[in-house]
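Me: I would like to learn how to read a strand and its surroundings in a protein model. Could you take me through one, step by step?

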Amino acid sequence: HLRHRQSNCTGLFPARRNVVVSGRRVSEGENVVREITSAGGKALFVQTDVGREEDIIALIEKTVATVGALHIAFNNAGSEGHIGLLTTEQTVEHYRQVCDINICGVVLSMKHEIRSMLRSGGGAIVNTSSVGGHVGFPGASVYVASKFAVIGLTKTAALEFAKDGIRVNSVSPGPIQTEMFDRAFGEGQTDTKKLSKRKIRLAASGRRKRSPARSSGSVLRTRPSLRGRTLSSTAALPPNRRSSWRCQHG
C-alpha cells in the first residue's frame with residue numbers, strides 16, 4: 001500500500017497491488033488514482049494531513065477496512081519551508097511549518113503504521129529523507145535538520161521492530177525539478193539551483209544518474225523480503241530533472 005505523493009505509482013507497484021494514496025490536495029491525489037486504475041491497478045485516495053494524528057489514524061483504518069491489511073508504507077510527504085534564510089533568521093513558525101510535516105508527520109505515520117503491521121504479522125516502511133539529510137546547505141537549516149531527523153528516526157525504528165518482521169528504510173533524493181524546487185530556489189536555471197546540484201552530486205558521488213524508473217526502483221529495493229538481513233539502509237539518489245514523486249503538500 002502506497003502512502004503520500006507520487007507521479008509514477010505504476011512504476012513502483014505492479015497492477016495486482018492495492019494502493020492507497022493520501023495527501024492534502026484532493027485533485028492531485030485523485031489524478032494519481034486514475035493513473036493507477038487506468039494501468040489496471042486498484043487504488044483509493046484518502047485526504048490526509050500528516051500533521052494531524054487523527055487523519056493518520058483514519059487513513060490506516062480506511063486502508064485496513066478496504067483491503068484487509070497494511071503491508072507496505074511509503075512516507076513521502078514533505079515541506080521545504082523558507083529556503084534562503086540564515087539560521088539566525090529562522091523563527092518558531094518556520095520550524096513548525098517544516099517539522100510538523102517532515103518530522104512529526106513521519107513519527108506519527110510510523111507509529112500507527114507499525115501498530116497495524118504488528119497485527120498483521122510484519123511489513124515494510126520507506127521514509128523519504130533527502131541528500132540534505134547527509135550534508136549541510138546554507139539557507140536551509142531547518143529543512144536540513146528535518147531530513148537528518150528522518151534518517152535517525154528510520155534507523156531507530158528499524159532496530160526497535162526488526163524482531164517483529166518490520167523493515168524500515170529511507171531514500172534520499174537529490175534536487176528534482178518540481179514545483180517545490182522552484183519555490184525554494186526560483187524558476188529556471190538559477191545560480192542557487194546550479195550550486196545546490198553541484199553540492200548534492202558530491203554527497204552522491206560515484207552513483208549513476210537515475211531516471212524516474214531507477215528512482216522508483218530504489219524505493220522498491222529498500223523493501224525486499226521481510227526475511228532479509230538488512231535492518232535499515234539509506235539510499236542517496238543524485239539529482240534528477242524529474243522524479244517518481246510528486247511534490248504535493250498543499
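**Reading a strand and its surroundings**

Reply: In this predicted model, look at strand E3 (residues 72-75), where Ile72 and Phe74 point one way while Ala73 and Asn75 point the other way, and all of them are buried.

Me: In which sense do E3 and strand E4 pair, and over how many bridges?

Reply: Pairing is read from the bridges between two strands, and here E3 and E4 (residues 123-128) run in the parallel sense, with 4 bridges between them. Within this pair, the residue of E4 that stands opposite Ala73 is Ile125.

Me: Which residues make up the largest nonpolar core?

Reply: A nonpolar core is a set of buried nonpolar residues joined through side-chain atoms within 4.5 Å. The largest one here has 12 residues, and both Ala73 and Ile125 belong to it, together with Leu70, Val106, Met110, Ile114, Met117, Val150, Ala157, Ala158, Ile166 and Val168. Two or more residues come from each of helix H5 (104-120), helix H6 (141-161) and strand E5 (166-172), and H5 gives the largest share, with 4 residues.

Me: What is Met110 in contact with, leaving aside its neighbours within four places in sequence?

Reply: With those neighbours left aside, Met110 is in contact with Asn75, Ile125, Asn127, Leu153, Ala157 and Val168.

Me: How many helices and strands are there in the protein, and what percentage of its residues are buried?

Reply: The protein has 9 helices and 6 strands, and 50% of its 250 residues are buried. Of the contacts between residues at least 6 apart in sequence, 73% join residues at least 24 apart.

Key:
Residues numbered from 1 in each chain as written. Predicted model: local features only at pLDDT ≥ 70, side-chain atom pairs only at ≥ 80, totals over all residues. Heavy atoms only, no water. Buried < 20%, exposed > 50% of the residue type's maximum accessible area, 1.4 Å probe, protein only. Pairing = 2+ DSSP bridges. Contact = heavy atoms within 4.5 Å.
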